[in-house]
Structure formats: structure tokens, C-alpha cells
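Visitor: I would like to learn how to read aromatic contacts in a model. Please show me the structure.
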Amino acid sequence: MTELQEVQITEERPLLPGQTPEMAKEAELAARILLDRGQTHSVETPYGSVTFTVYGTPKPKRPAILTYHDVGLNYKSCFQPLFQSGDMQEIIQNFVRVHVNAPGMEEGAPVYPVGYQYPSLDQLADTIPCILQYLNFSSIIGVGVGAGAYILSRYALNHQDTVEGLVLINIDPNAKGWMDWAAHKLTGLTSSIPEMILGHLFSQEELSGNSELIQKYRNIITHAPNIENIELYWNSYNNRRDLNFERGGDITLKCPVMLVVGDQAPHEDAVVECNSKLDPTQTSFLKMADSGGQPQLTQPGKLTEAFKYFLQGMGYMASSCMTRLSRSRTASLTSAASIDGSRSRTRTLSQSSESGTLPSGTPGHTMEVSC
């Protein structure tokens, strides 16, 4: 499929009747500009219509970066600060990006009728092949947050050959237990849906501080015109199945994975547990200081730098210029044994440390980074 994709990109298209070569070049330039601004598409799937926006043009022999957002957000409110940051420009020049909206989460989405059966997270994962088939893309690097991280993980378990790497922020791969379920029901009696979702997205310290960021996202969720749809997505997340990751077992992510969580995130324990269940030779664990519950919003520059190292470890962007983490490396390198007895290396980075050059991640090491 990769070869077919290259032919489609490089083939010479015949001129239309009355079209000069100059006119054809102008049309091609206009189409390229339109792609760079983003083209929004909708595709019908077995579980309803899914909307996604594509930025950039496909690069030969390179996967697309595909993002999936968390509950209460859409692709813009979840990822725009990250992908519009100056540090990210080098990455987006090298990869086409596909930003997926969960059904009913796109701007202007109609409210689903009462009784509408919203897809489960597993079913949402099954809509991704429809998107890739529509675009004729053969492989992706997934970037997901919260519910989106779960969806991309489920997709990767079912379609390993099409996933080259995953960046999973705030992933909780576990189904809710009885105690969690009871606590969720009790909270629902005393808290509104927007407040429950805010508690999922941000730490209690952040919510208590009521910063400008918190005020912004509280306003976005509280006054969302599609709050009924958001509640359906929220319910699907809370009814998720256990991914059943097992280190050394058959059910595991077999591509390179970077797990990301803030040091005050509500999902810190879940991400740490997920790290303990994945293959240490394929997994990097990034714990970000001073980033709260949404690192892609609060620390886009640091997260972008880590993403660049992750891509370099996969063999892409070898000549990328590093700026932040390479200037803030500690000299602390400690070896630790993983749960199954294999060796892993823990690298701890601190923003206040001395200058140095950080090597890109290599297979065989689990990298824990606090930056």
C-alpha cells in the first residue's frame, strides 16, 4: 500500500480541456494551501458519521500523525495549543496530520436524540480503519489523550501492522471496578456533568486555583451546545472494558509507546500502572513537572521536544534541532530491573540541570523523564 500511495502522489495528471500548464500549477498550489489550512471530511462508519480534519500533504514512506481527543473536548480544544506552538512546526512540516473528532463532538454537531445508542470506546476504535481507507493511508503514529488514548490503544491491539508508534497521555487502561463505579454514581448525585468532566481533565489543585486556563475550559464545557453528546461520550468512557495489558503476554502494544502524565494529574497512578504492564524495551514513560492534568495544554514546548526524541528513536527526523530538554539534562542515570527481570534504564531530566546533549530514545530502555 505504501508503493501505491507514492504512485498516487507523484503521478502526472492530464490537463483539463482548455487548461494551460500555468493554470494547472496555480490549481495545484491552491490545493496545497487549502490542505495546509486544513480540510474537514466526514466518513460514514458502522457506528455513525465521523468527522476529521487533515493538515498538510502525505509524505512518501512516512506515517500520518493521527490524534484523538479526551472527553469534554474536541480536536481543537484538546490539541490546538500543542500543534500551533512554535516548537511543533518542524514536526508538522514532516508529517501529515489527521485530527479526529469523536462522533457528536465536532463544532456545530447536532444534538443526538434521547435514547440514542452512542458507540462504545471499542466501537470508536473500529471507526479508524474507515478513516484510513478513505484517505488511503497505510500507517499512523497515534497521539491520544484520556479516552482518546484508550481508543488508539484498542485500535493498535487490533491493527498492529498499521500503527508505527503511540503517544498516550493520561491513559487509564483499566475498566472501572465496583468501588470506582459506586464512587462515580455517588459523585453524580452531587456534581453536574461539567464538574465531573473537569475533575477528570484537571487536578483538584488546578481546579481550586481557578487559573485563567481552568476558567477557559470550565466555560467551554459548561456552555457547550452539545453537552448531551458530551455526556454520552463520558458514559462510554466510564463503561470501557479492561485492555488487559500483560507484560510478556500476548495482549500488549508491540509498537514504540511514549506514556505521558503530569505530576499532579488525576490519572498518574493509572499511567504508572500501565507502564508496569507494557514491554519495557518499547515503552518510554514521561512524567512532566508543573504540567497538571493536561500537559499538551500547559507544557506544549516540553512535550514537543519529547515527541521529537520519540520520533528520532523511530528513525524519523534524525537531523532535528533540539532546544529545551537538551539544555536541561541531569547527570542522573540509574539502572533498574524491570518486573520480568529484564534490564531497563531510568533517565531523569530536570529543567534546572546542567547543559548537555540527550541521546534519542533507543529500543531496550524505559525512559522515565521528569521535566
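Guide: Rings of Phe, Tyr and Trp (its six-membered ring) pair if their centres lie within 6.5 Å; planes under 30 degrees apart count as stacked, over 60 as edge-to-face and the rest as tilted. Ring pairs here link Tyr112, Tyr116, Tyr118 and Tyr233 into a cluster. This is a predicted model, where local features need pLDDT of at least 70, side-chain atom pairs count only at pLDDT 80 or more, and totals for chains, interfaces and linings use all residues. Residues are numbered from 1 along each chain as its sequence is written, and side-chain values use heavy atoms, with hydrogens and water left out.

Visitor: How many aromatic pairs does the structure hold?

Guide: It holds eight. One of them joins phenylalanine 79 and phenylalanine 83: the ring centres are 6.2 Å apart and the planes are at 70°, so this pair is edge-to-face.

Visitor: Where do phenylalanine 79 and phenylalanine 83 lie?

Guide: Helices (H or I, at least four residues) and strands (E, at least two) are DSSP runs, numbered from the N terminus. Both residues lie in helix H3 (residues 75–83), four residues apart, about one turn of the helix.

Visitor: Are phenylalanine 79 and phenylalanine 83 buried or exposed?

Guide: Buried means under 20% relative accessible area, exposed over 50%, partly exposed in between (1.4 Å probe, protein chains only). Phenylalanine 79 and phenylalanine 83 are both buried.

Visitor: What sits over the ring of phenylalanine 95?

Guide: A charge sits over a ring if NZ of Lys or CZ of Arg is within 6 Å of the ring centre and within 35 degrees of the ring normal. For phenylalanine 95 it is the charged end of arginine 62, 5.3 Å from the ring centre.
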